[in-house]
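Student: Hi! Could you walk me through this model? I'd like to start with confidence and then go to the side chains.

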Amino acid sequence: MGHKLRRLLQQVLVLVIPLFGYTFFTDRDFAQWQLQFRQLALNNGIQAETFDLAFRGLTPDSKVLRLDAYQPEFSRTTWEYLDKSVSADRLRIGQQKWQEHSALLKKISSRYGVQQEYLLAIWGMESGFGQRMGNYSIMRSMATLAYAGRYERRGFWQDQLLAALRILQKKDVTLSSLRGSWAGAIGHTQFMPLTFERYAVDFDGDGQRDLVNSLADALASTANYLAQSGWKKGQVWGEEVTLPTDFDWAQADPVNWQPLAYWSGQGVQLVNGNSLADWRDELAFILLPAGYRGPAFLAYQNFRALLEYNNSVNYALAVGTLGDQLRGDRPVVAEWPRFERDLSRYEKAELQELLSAVGYSTDGIDGKIGVNTRAALRRWQADVGLPSDGYPTFDQLQLLREQTEIPFTYSIQEASG
Ligand code: CA
């Protein structure tokens, strides 16, 4: 099959698949599910009164199911994500909010050991400093997804729904305030119900942990979450570095944590020319979000804490650089390879198929670049004489297409997480 036809077919699939993504339901099915779930909730310590209040008049929300079924073909590149997240507007509003809430931020920061600028950055990223907390009923969204969301995720949603019921039962937040994103994220810093239960704190001392109406509670809860995820007091998340031209690119991997003294020995230098830190025992990995042609960073323990908060390298990098720039640091110095675009899910799957076909097994084909695909890609890159940074590009996909002439016959497995 030719590449043009193949791509046309992919596009048709992208258009058609979402139409079958809905689960059709009837009132009776939902009533039956609710009856069973009520028993489960009661067995798990939810009082009948709480359950009946939460479910009074509740119907499934088909819009939530549509949003749940939607999976974009392309994801944003790191620089597109950062352009949007660390915008001039956000920096300006962030500075204003810092002034406005400086006493509160100072108090939270000294209690939990997380610098004020990163708390502000998370607040900005999660809800635009409280402007976009979401107005979906958390009960309705969680019930909808537990009842009819993607099958393999229903257990996850059911646990979130039970947590939301417990939050309501403890009277931390009233039912009418328990609103947020369609996917259940609540309040200024968008905590999922289970995260809320585990990490929320009452910082303003009114006896309730209210992440929607109390900024003090929300920001302190975020600081508490980071502190419990191993945040190191006073340290930064990472720093931009330059790498020597003969750097062994295979070493730049999120699983390769080494002491700073080691990286220093490899010729890694801070981009501002300063020598690497005083804390030479500190472990760090080299992060190349856009491969060897883009900026390079040393990522420290606090980067890992940010990933605990939200397991996305782009997110952690955005929070880190937004916080740095709120503090007055300069933006990222090195140029991003803006001439590149992200491979689509189908192209990533094709890359995996082709790598496997020429003897570099990616251990499965899911359209996502994970540890095994990166490792296979690095081995192939090294063997064909390219820098082995494990970062897939369109040119490399083309080269692999030329190396092989096998038809594109598989389908992508539905993602389970
Ligand atoms: Ca409170």
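Student: What should I know before we start?

Tutor: This is a predicted model, where local features need pLDDT of at least 70 and side-chain atom pairs count only at pLDDT 80 or more, while totals for chains, interfaces and linings use all residues. Residues are numbered from 1 along each chain as its sequence is written, and side-chain values use heavy atoms, with hydrogens and water left out.

Student: What does the chain average in pLDDT?

Tutor: The average is 91, and 90% of the residues score at least 70; pLDDT is the predictor's confidence in each residue, from 0 to 100. Over residues 14–22, though, the pLDDT is below 50, and this stretch has six contacts in the model beyond near neighbours in sequence. Contact here means heavy atoms within 4.5 Å. Where pLDDT is low, the predicted coordinates should not be read in detail.

Student: OK, rings next. How many aromatic pairs does the structure hold?

Tutor: There are 25. Rings of Phe, Tyr and Trp (its six-membered ring) pair if their centres lie within 6.5 Å; planes under 30 degrees apart count as stacked, over 60 as edge-to-face and the rest as tilted.

Student: Why is the pair of Phe30 and Trp33 called stacked?

Tutor: Their planes are at 25 degrees, with the ring centres 5.6 Å apart, so the pair counts as stacked. Both residues lie in helix α2 (residues 27–43), three residues apart, about one turn of the helix. Helices (H or I, at least four residues) and strands (E, at least two) are DSSP runs, numbered from the N terminus.

Student: Phe51 and Phe55, you say. Which residues in α10 do the α3 residues meet?

Tutor: Thr50, Phe51, Leu53, Ala54 and Phe55 in α3 meet Leu161, Leu165, Leu168 and Gln169 in α10.

Student: And at what angle do α3 and α10 pack?

Tutor: Helix α3 (residues 48–55) and helix α10 (residues 154–169) pack at about 110 degrees, with their axes 10 Å apart. Axes are lines fitted to C-alpha atoms, for helices over the stretch in contact, and angles run from 0 to 180 degrees between N-to-C directions. That makes the two helices roughly perpendicular (angles under 35 degrees count as roughly parallel, over 145 as roughly antiparallel, 65 to 115 as roughly perpendicular and the rest as oblique).

Student: New topic: which residues have a positive phi without being glycine?

Tutor: Lys171 is one of them, with phi of about 60 degrees; Lys171 sits in the loop between α10 and β2 (179–180) and is exposed at 58% relative accessibility. Gln190 is another, with phi near 55 degrees. Gln190 lies in the loop between β2 and α11 (193–199) and is buried, at 15%.

Student: Last one: what is Asn314 in contact with?

Tutor: Leaving aside neighbours within four places in sequence, Asn314 contacts Arg76, Thr77, Thr78, Tyr81 and Leu82. Asn314 lies in helix α15 (residues 313–327) and is buried, with a relative accessible area of 18%.

Note on methods
Buried < 20%, exposed > 50% of the residue type's maximum accessible area, 1.4 Å probe, protein only.
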